[in-house]
Amino acid sequence: MALVNVHFLKLQKNYLFADIAKKVKAFKVTHPNVDVISLGIGDVTQPLCPAVVEAMHRATDEMATAEGFRGYGPEQGYDFLREAILKNDFLPRGIHLDIDEVFVNDGAKSDTGNFQELLHWDNFIGVTDPIYPVYIDSNVMIGRCGTYEDGRWSSVVYMPCTAENGFVPEVPKGHHVDVIYLCYPNNPTGTVLTKQELRKWVNYALKNDALILYDAAYQAYIQDDDIPRSIYEIRGARKCAVEFRSYSKTAGFTGVRCGYTIVPKDVTVATFEGERISLNQLWLRRQCTKFNGTSYISQRAAEAIYTPEGKQQVKETIDYYMRNARLMLDTLRSMGYECYGGENAPYIWMKTPNGQGSWQFFEQLLYSVGVVCTPGVGFGPSGEGYVRFTAFGSRERTEEALERIKNWK
Ligand SMILES: *Cc1c(COP(=O)(O)O)cnc(C)c1O
């Protein structure tokens, strides 16, 4: 008899975006003449930049010749890309990493979800709340989160991030945590941590022998030079942190699929006997077994981002989205809404007026002005009373949405 992994049956129906789509569809049926604008889903809208497109064409042409054809590549990625990553993403910020510490992947979602496989099932995980759902759900699947009651998992330590604490999570006090997920710039709140604030976490991890899994998918949106792009800007982080990066939001690769993970050789975890095991070695072994590499064409596309033209073009698109964010912040604030984020990230986190629930505000906005946002409670209990707007729309649609909100009431 084939038995099911019962942990999968504990997963909550995380149908946030499906629920939104259903509600939007129902609205459209009853209001066929309203042109609905979505500032909801966190996907990019602007096309790939020319440097990337040209690199993909070149790589495709190479593959079409007997000499240029490539089959399976190295599981951890081609050296041309790994070298470009070290030279462009880390060296300029004073971070010296070894090429074997870079693992190219097909996007950050897979690795943020899979990395927990390397860890014993009864580690205690700590997450900021609200949160990108992948971190918790991937741990639920392996039986690490306990039971679900009143919107929380019994074995997960939640670290609230709200306006009251300036969206800066406090290190756990009451309960010891073994594995900590941090995402900065943050999805969904759009807020960042300063070096000092991040240092507290690194120090906590070092002192408590904890592991930090750091998701830096939005680092390219950081405008303020003092804000850390990488956790390795903090001394000691290479002993306790793994960092996930993605080209999805950096360069519009949500459909191309490429990212990478840094697993420093100094990061170790313990056996019950007290032996220290290198996560770098373990992750390499895992990847070589379960992953067969990212496509050559995608890796050439990613490499092109680091050329002078590529850098310039990618920056132009990011600037475009960040001008949307500025416009949204200015307009919403001028109307008296309390808004956060949006300065170093493409997300605006807005407090709903008059203490309304997230879903209630979502529906009002949809039915009154035909604009879609994301209810904050969908990202965790501390997201209740907030909604998320993305800056990933086109300028015209963003302006139109803001115009409608201005004329509301
Ligand atoms: C979009 C996003 C990612 C990137 O996912 P990919 O699989 O690389 O497309 C990772 N983490 C967060 C928090 C995100 O919002």
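Is Met350 buried or exposed, and what is its relative accessible area?

**View 1. Met350 in strand S14.** Met350 is buried, with a relative accessible area of 1%, where buried means under 20% relative accessible area, exposed over 50% and partly exposed in between (1.4 Å probe, protein chains only). Met350 belongs to strand S14, which covers residues 347-351; helices (H or I, at least four residues) and strands (E, at least two) are DSSP runs, numbered from the N terminus. Leu329 stands 21 residues from Met350 along the chain, and the C-alpha atoms of the two are separated by 9.3 Å. This is a predicted model, in which local features need pLDDT of at least 70 and side-chain atom pairs count only at pLDDT 80 or more, while totals for chains, interfaces and linings use all residues. Residues are numbered from 1 along each chain as its sequence is written, and side-chain values use heavy atoms, with hydrogens and water left out.

**View 2. The surroundings of the ligand.** The ligand is surrounded by 14 residues, the closest being Ala108, Tyr218, Ser246, Ser248 and Lys249; a residue is counted here if one of its heavy atoms lies within 4 Å of the ligand. A backbone N or O atom of Ala108 lies 2.6 Å from an oxygen atom of the ligand, and for Lys109 a backbone N or O atom lies 2.9 Å from an oxygen atom of the ligand. Arg257 places a polar side-chain atom 2.7 Å from an oxygen atom of the ligand. Taken alone, the ligand exposes 390 Å², and the protein buries 93% of that, as computed by the Shrake-Rupley method with a 1.4 Å probe. Helix H5 (108-114) and helix H8 (248-251) are the elements that give two or more residues to the shell.

**View 3. Helix H12 and its buried residues.** Helix H12 (residues 358-369) has twelve residues and reaches 16 Å from its first C-alpha to its last, close to the 16 Å expected at 1.5 Å a residue, the expected span being 1.5 Å times one less than the number of residues. In H12, the residues Ser358, Phe361, Phe362, Leu365, Leu366 and Val369 are buried. These residues lie on the same side of H12 because they cover an arc of only 130° around the axis, the arc being that of the directions from the helix axis to the C-beta atoms.

How values were computed: Polar contact = N/O pair within 3.5 Å; in protein donor to acceptor, adjacent residues only side chain to side chain.
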